[in-house]
Amino acid sequence: MLKQKSIIFMLRLLSKLPLWVVHGLGKLLGWIIFLSNKKYARLINQNLQSSQLCPNKTAFKKTRRENVGETGKAFLETFAIWFKNYTKLKTFYESCSGWEHVEKALNNKQGIIFLTPHLGCFEITSLYYGQFHPVTVLFRPPRQSWLMPLIYEGRQRGQVSLAPANQQGVKQLLQALKRGEAVGILPDQAPHKGEGEWVPFFNRPAYTMTLASKLAEKTGAQVLMAFGERLSKGRGYHIHFWPIEAGGIATPTLLNHEIEKMIAQYPAQYMWGYDRYKVRT
C-alpha cells in the first residue's frame, strides 16, 4: 500500500511540470526501456520493419529513433494529462482540424464513432471533444485494481463517460449512439478470443476487433478517425478529425486499412512496441 501511494504521488507530480519537461523525461524513459528490455526493442524493430513504411535503412533508423522517444513521451504524458486541473488542460490544445466533420455528423443525429488508434496522444482526443459534447469511451480495466480510481479520475471528466470492455460496456455504447451521441474506441487494441477475426495489418495477420464494424452497421453512425498529434518542444497537441465513408469499416480488413492510412502519415508516433499481433485469452 505504501509503495502504491508513493507511485501515485510521483505520477501526480507530473501534472505540475511544464509539458516540455514531461516530454523530455518521457524521451529519456523511452530510451532506458528500449536499451534495457530486449523483448520490447524486438517488438519495435519487428513491427516497424513489417509495416514497410520506411523505404530504406536510413529512414528506418530515423523513424525508430524518433519512435523510441515518442513512445516514452506517450507513457508519461498520460499521467500529466490525467492529473492536470481540468480547466488548465485547455493550454494543451494547440489547434484542431476537421471539426466541420464533427458538426456535420452531429447535425445528422445518427451518432458518431470515433476511432483512435495507439497513435500520438490518444488520451487527449476524448477530453478535447468532451469539452463540448458527451462521449462514451470504451476502455479495458487494468489488471492492477488500484489503478481503476486513477483511470476514472483522469479520463471521466467534462462530458466523458467510461464503458468497460464487456457486454455491459457495449450496451452503453449502443445506448449513446441511439441518443445521437459519440463513442470512442481503440480500434487496434487486441480483442479477446472470440471477439475478432484474423486479417492483415501491415502485411501480417492480426487478430482484429469486429465491434467497430458491427456498431457502424447496426446504428448507421458516422465514423470519424481521431488523432492527437504530439507537437515538438512540448507545444501541446493538434487534434485531427477526418471522416470515413459509409461502409469504410464494414469489415475488419477495411478497418485495418483505414488505420494503416492514418499511421502512414505519422509513423514515428505510432506505438510500435505494442504487441498488436497477440490474442488475448
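# Salt bridges, packing and backbone features

Glu153 has a relative accessible area of 34%, so the residue counts as partly exposed; this class lies between buried (under 20% relative accessible area) and exposed (over 50%), computed with a 1.4 Å probe on protein chains only. The structure is a predicted model, in which local features need a pLDDT of at least 70 and side-chain atom pairs count only at pLDDT 80 or more, while totals for chains, interfaces and linings use all residues. Residues are numbered from 1 along each chain as its sequence is written, and side-chain values use heavy atoms, with hydrogens and water left out.

## Salt bridges

Side chains of opposite charge can pair when their charged atoms come close. The search of the whole structure identifies 8 salt bridges, each defined as a side-chain nitrogen of Lys or Arg within 4 Å of a carboxyl oxygen of Asp or Glu. One of them joins the side chains of Glu153 and Arg12, with an N to O distance of 2.8 Å. This pair links distant parts of the chain, since Glu153 belongs to helix 7 (residues 148-155) and Arg12 to helix 1 (residues 2-13), 141 residues apart. Helices (DSSP runs of H or I, at least four residues) and strands (runs of E, at least two) are numbered from the N terminus. Arg12 is partly exposed, with a relative accessible area of 31%.

A second salt bridge connects Lys73 with Glu70, whose closest N and O atoms are 3.1 Å apart. Both residues lie in helix 4 (residues 57-82), and because they are 3 residues apart, about one helical turn separates them. Lys73 and Glu70 are buried. Arg230 and Glu77 also form a salt bridge through their side chains, at 2.8 Å from N to O. Here too distant parts of the chain are linked, with Arg230 in strand 8 and Glu77 in helix 4, 153 residues apart. Arg230 and Glu77 are both buried. Glu70, Lys73, Glu77 and Arg230 together are linked in a network of salt bridges.

## Surroundings of Met225

Strand 8, which spans residues 222-230, also holds Met225. Contacts (heavy atoms within 4.5 Å) of Met225, apart from neighbours within four places in sequence, are made with Leu115, Pro117, His240, Phe241, Trp242, Ile244, Glu258, Ile259 and Met262. Between the C-alpha atoms of Met225 and Gln156, 69 residues apart along the chain, the separation is 21 Å.

## Helix 2 against helix 3

Two packed helices are described by the angle between their axes and the distance between the axes. The axes of helix 2 (residues 19-36) and helix 3 approach to within 5 Å and cross at roughly 100°. The two helices are therefore roughly perpendicular, a class that covers 65 to 115 degrees, whereas angles under 35 degrees count as roughly parallel, over 145 as roughly antiparallel and the rest as oblique. Ile33, Phe34 and Ser36 of helix 2 meet Lys38, Tyr40, Ala41 and Ile44 of helix 3. By class, this contact comprises 5 nonpolar, 1 polar and 1 charged residues; Ala, Val, Leu, Ile, Met, Phe, Trp, Tyr, Cys and Pro count as nonpolar, Asp, Glu, Lys and Arg as charged, and the others, Gly among them, as polar. The axes are lines fitted to C-alpha atoms, for helices over the stretch in contact, and the angles run from 0 to 180 degrees between N-to-C directions.

Ser50 is located in helix 3 (residues 38-51). Its side chain reaches the backbone oxygen of Asn47 at 3.1 Å. Beyond residues up to four places away in sequence, Ser50 touches Phe202, Asn203, Arg204 and Tyr277.

Phe202 occupies the loop between strand 6 (196-201) and strand 7 (204-209). Its phi is near 50°, a positive value in a residue other than glycine. Lys233, which is not a glycine either, has a positive phi of about 60°; Lys233 is in the loop between strand 8 and strand 9 (237-244).

Glu181 sits in the loop between helix 8 (167-178) and strand 5 (182-185). Residues up to four places away in sequence aside, Glu181 touches Gly111, Ile112, Pro134 and Ala176.

The relative accessibility of these residues is as follows.

| Residue | Relative accessibility and class |
|---|---|
| Met225 | 0%, buried |
| Phe202 | 5%, buried |
| Ser50 | 15%, buried |
| Glu181 | 19%, buried |
| Lys233 | 75%, exposed |

Technical notes
A polar contact is a pair of N or O atoms within 3.5 Å; within protein, one must be able to donate a hydrogen and the other to accept it, and residues adjacent in sequence count only if both atoms are side-chain atoms.
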